[in-house]
Amino acid sequence: MIAKGALDPKDRPVPYNMMYWIGFNDLRQTRQIGFSGFSPIPFSEIMSYCSHIGLDDPVERQSFARCIMALDTEERKYYGNAKS
């Protein structure tokens with residue numbers, strides 16, 4: 001029996017994906033906020049974050065950047081301003 005409000009064990013985050021979620025959570029604070037809502041996370045910030053965490057492999061950097069941009073787009077769609 002699962003306690004009310006507890007996560008089902010099969011719904012736990014996959015450890016491999018935690019780097020992306022932590023990175024997105026850190027990077028989402030770098031967005032600019034204007035009259036049209038949230039701007040996308042700047043690519044320069046994503047690359048700077050990769051350097052900060054020691055992600056030097058170009059293939060892994062590209063994968064990280066694509067994932068962060070996809071998460072950013074989905075969050076901005078949710079809030080209604082994913083125009084750019």
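Where is the place of arginine 31? In this predicted model, arginine 31 lies in the loop between helix 1 and strand 1 (33–34). Local features need pLDDT of at least 70 and side-chain atom pairs count only at pLDDT 80 or more, while totals for chains, interfaces and linings use all residues. Residues are numbered from 1 along each chain as its sequence is written, and side-chain values use heavy atoms, with hydrogens and water left out.

**Helix 1 and helix 3**
- The axes of helix 1 (residues 18–27) and helix 3 (residues 58–78) come within 10 Å and cross at roughly 60 degrees; helices are DSSP runs (H or I, at least four residues) and strands likewise (E, at least two).
- The crossing of helix 1 and helix 3 is right-handed, that is, the near helix is turned clockwise from the far one by less than a right angle.
- Helix 1 contributes Met19, Tyr20, Trp21, Gly23, Phe24 and Leu27 to the contact, and helix 3 contributes Ser63, Phe64, Cys67, Ile68, Leu71, Asp72 and Glu75 (contact: heavy atoms within 4.5 Å).

**Arginine 31**
- Arginine 31 is buried, with a relative accessible area of 10% (buried: under 20%, with a 1.4 Å probe and protein chains only).
- The side chain of arginine 31 forms a polar contact of 2.6 Å with that of aspartate 72 and one of 2.5 Å with that of glutamate 75 (polar contact: a donor and an acceptor, each N or O, within 3.5 Å).
- Beyond its neighbours within four places in sequence, arginine 31 is in contact with residues including Phe24, Asp72 and Glu75.

Note on methods
Axes fitted to C-alpha atoms, helices over the stretch in contact; angles between N-to-C directions. Buried < 20%, exposed > 50% of the residue type's maximum accessible area, 1.4 Å probe, protein only.
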